[in-house]
Each structure stands twice: as structure tokens, then as C-alpha cells.
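Subject: Structure for your files

Hello,

Here is the structure for you to look through.

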Amino acid sequence: MKVISVWSPKGGAGKTTLAMHLAGAFYQQFGKRVAILDFNADQQSAMDIAEIGHLPFEVVLGKPKTPPDADIVIVDHAPTKELPPPGTTIILPYRPSRIDFMAVDRAKRSLGDGRKVFEVVNAVSFARSKESEVAEHLRREGAHIMRNLSIYSRALGFGRTIFDPKVDNLAGAREARKEILQLIAKLPLGDFLKGKEVANG
């Protein structure tokens, strides 16, 4: 079982959005059994989306007493840096602002060695010159860039991920899928996704 933590000290960084669409990709594109653990007891956003009733994977509030029957477990964290996230693969989302980047930089240092951290700059609008400039700098530093596409939140509003066939014809679905698959291609999953093409949407 692979464990991926979506973790950030910043609220509103897009952790639940990323967790949901990653889960959708692993299920729909790669045929993996997926579970999301919603560690945000205050907001419970992942649970709220699951309760709409269209997700093809399990969402559990908190840490279950027994491990989920899943190939991949994605942990959707609350915004905190108090406890180190589980697993060795951590996706660290944040917004394209200097303040967010500074908070994330401190958080990375608190993780210690032995963890692979993948930065994701979320909701980037290339129409805003300063934001575009920051995003391009972070891209050169190795961060994954995700544009400010409304399909990410729109699909979740329907209780679905962008990989659900029901959203095939919605504007931006193809572009958003490509961004998520490109992120997955960067993760250290090795032969776990063997034989699958992860770079195309």
C-alpha cells in the first residue's frame, strides 16, 4: 500500500482539491483501489464531497482503526505543521504568493530527512503578471504548476472528480486532467503504475 500525504501549513492551499483529483486519477486512469483519509476534523471537506454520493472510492474521517483495503491511501491534512505527515511522499500545495512560499519553506525544513516533498503551486493565473513571474520562478526551482481552472472546484461541487466520465464535456476538464497526470508522473511510484501512461490526459 502506498501512502501519499497532501500537507501544508497554509489554509486554503487546495489540499482537499488535490487529494480528490489525485484519487480520481488513480482510480479511473490506473484501476487502483483508493481511499482518502480526511484528517481535517473541523472542516471535513472531503467527507462533505463524499456524502453527495458519486465518488467511486472510500473517504474516511480521521485515522481508521484498521488500514483501508486500498492500493493507495491519500491523507488530506488539516493546515498544521505540528505533526509530521505519514508516509515518505508528501505533496505540499500553496498559492503563488511570497507569504505562502515563506511559510512553506519553513514547513519543509521541519520535515527532516527521508521524505520526498513535491511542491505544487495552485490556482495560478498567468493573466496576472506578478503571479505569473512568481510561478515561473518556482517552476524553474522544481515546483509543479497548476492553473486557476474552475473545473477543479466545479467538478467537486457535483461530488465528482475531473476524471469522472460525467464531466468529460465540461470546459477545462481535459487541461485539468493533464495537469494532474503530469504531477503523478513526478511521484516516486516506480513500477506501481507499471505499463500505464501517466503523462497524457
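A123 counts as buried, because its relative accessibility is 15% and buried means under 20%. Please bear in mind that this is a predicted model. The residue belongs to strand β6, which covers residues 116–124. Its backbone deserves a note as well: the phi of A123 is near 55°, a positive value in a residue other than glycine.

Q44 also has a positive phi, of about 55°, although it is not a glycine. Where does Q44 lie? Q44 is in the loop between β2 (34–38) and α2 (45–50). With 27% relative accessibility, Q44 counts as partly exposed, because that class lies between the 20% limit for buried and the 50% limit for exposed.

T80 has a relative accessibility of 27% and so counts as partly exposed. Which residues does T80 touch, if those up to four places away in sequence are not counted? They are W7, S8 and P9. On the distance side, the C-alpha atoms of T80 and A107 are separated by 9.1 Å, and these two residues are 27 residues apart along the chain.

Regards

Methods. Residues numbered from 1 in each chain as written. Predicted model: local features only at pLDDT ≥ 70, side-chain atom pairs only at ≥ 80, totals over all residues. Heavy atoms only, no water. Helix = DSSP H or I, 4+ residues; strand = E, 2+ residues; numbered from the N terminus. Buried < 20%, exposed > 50% of the residue type's maximum accessible area, 1.4 Å probe, protein only. Contact = heavy atoms within 4.5 Å.
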